[in-house]
Amino acid sequence: MRRFNPYKAVGLLLTLGLPLIPAYLGLGDALRVSEKPAEYIGVVYSILAASLFAIVSIVGDPGMLLPGTWRASWEQAKDVQLRLMRLTYLFILYLIVLALLVASEVIEAKGLEAWYFVHDIFGYLSLVAFILSMWLPFEIKNIQIERLRQEIDARRNKRP
């Protein structure tokens, strides 16, 4: 089981708290009035979702487990599965942002003023997803470094 990391807790609080400021200051109204930011958000998160899906597929390939005992493979797989679960949550967040984009466009097209709050939620979650995406390259790099380290250790232990 992983230990509580106060730095990660502070980071999560900042990630969830900082986007509240632009949301409070009218980000949702700005997204409702101008179509360009929503278009850019749609393109960016579509690309991020597709890329993340490919990454999860490659990193989660069971063929990537190193040879050895079943117990060693089990321990290695547990760590990879935890990391993959975090990436999967981020992928779901991207899909939610894209769904809110579609919903906000429908709401705007139909002029459903009572539902304009969806633009605020869309803007907030877009910022949260963007901030959470900042750690993605580092997470992928760490997974690869760990795999390389394990492969080097496995080869070192094979020597006669």
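Select Phe53 first: this residue is exposed, with a relative accessible area of 52%. Here exposed means over 50% relative accessible area, buried means under 20%, and partly exposed lies in between, with a 1.4 Å probe and protein chains only. The model is predicted, so local features need pLDDT of at least 70 and side-chain atom pairs count only at pLDDT 80 or more, while totals for chains, interfaces and linings use all residues. Residues are numbered from 1 along each chain as its sequence is written, and side-chain values use heavy atoms, with hydrogens and water left out.

**Stop 1: Phe53 and Phe91**

Phe53 sits in helix H4. The structure holds three aromatic pairs, and one of them is formed by Phe53 and Phe91, with 5.8 Å from centre to centre and 35° between the planes, which is tilted. Phe53 in helix H4 (residues 36-59) and Phe91 in helix H5 (residues 70-110) are 38 residues apart, and the pair links distant parts of the chain. For this count, rings of Phe, Tyr and Trp (its six-membered ring) pair if their centres lie within 6.5 Å; planes under 30 degrees apart are stacked, over 60 edge-to-face, and the rest tilted.

**Stop 2: the whole chain**

Zoom out and colour by secondary structure. The protein chain has seven helices and zero strands; from the N terminus on, the elements run α-α-α-α-α-α-α. Helices (H or I, at least four residues) and strands (E, at least two) are DSSP runs, numbered from the N terminus.

Switch to a surface. The protein chain exposes about 11,000 Å², and carbon and sulfur atoms supply 70% of it; the areas come from the Shrake-Rupley method with a 1.4 Å probe, and for residues only the protein chains shown count as cover. Of the 160 residues, 29% count as buried. Among contacts (heavy atoms within 4.5 Å) between residues at least 6 apart in sequence, 79% join residues at least 24 apart.

**Stop 3: helix H1**

Select residues 6-17. The 12 residues of helix H1 should span 16 Å at 1.5 Å a residue, and the end C-alpha atoms are 16 Å apart, which agrees. The expected span is 1.5 Å times one less than the number of residues. At the start of H1, look at Asn5: one of its side-chain oxygens reaches to within 3.0 Å of the backbone nitrogen of Tyr7.

**Stop 4: helix H6 and His119**

Select residues 117-133, which form helix H6 and include His119. H6 has 17 residues and reaches 24 Å from its first C-alpha to its last, close to the 24 Å expected at 1.5 Å a residue. The buried residues of H6 include Val118, Phe122, Tyr124, Leu125 and Val128.

Now centre on His119, which is buried with a relative accessible area of 3%. What does His119 touch, not counting residues up to four places away in sequence? The list is Gly28, Leu31, Arg32, Ser104, Ile107 and Glu108.

**Stop 5: the salt bridges**

Two residues from that list, Arg32 and Glu108, form a salt bridge with the closest N and O atoms 3.9 Å apart. Arg32 lies in helix H3 (residues 27-33) and Glu108 in helix H5, so the pair ties together parts that are 76 residues apart in sequence. Arg32 is partly exposed at 23%, and Glu108 is partly exposed at 29%. A salt bridge is a side-chain nitrogen of Lys or Arg within 4 Å of a carboxyl oxygen of Asp or Glu; by this rule the count comes to three.

Next, select Lys36 and Glu39. Their salt bridge has its closest N and O atoms 3.5 Å apart. Lys36 and Glu39 are three residues apart in helix H4, about one helical turn. An α-helix has 3.6 residues a turn, so residues three or four places apart point the same way. Lys36 has a relative accessible area of 47% and Glu39 one of 40%; Lys36 is partly exposed, and so is Glu39.

Finish at Glu139 and Arg86, whose side chains meet in a salt bridge at 3.1 Å, N to O. Glu139 lies in helix H7 (residues 136-158) and Arg86 in helix H5, so this pair ties together parts that are 53 residues apart in sequence. Is Glu139 buried or exposed? At 9% relative accessibility Glu139 counts as buried, whereas Arg86, at 27%, counts as partly exposed.

Note on methods: A polar contact is a pair of N or O atoms within 3.5 Å; within protein, one must be able to donate a hydrogen and the other to accept it, and residues adjacent in sequence count only if both atoms are side-chain atoms.
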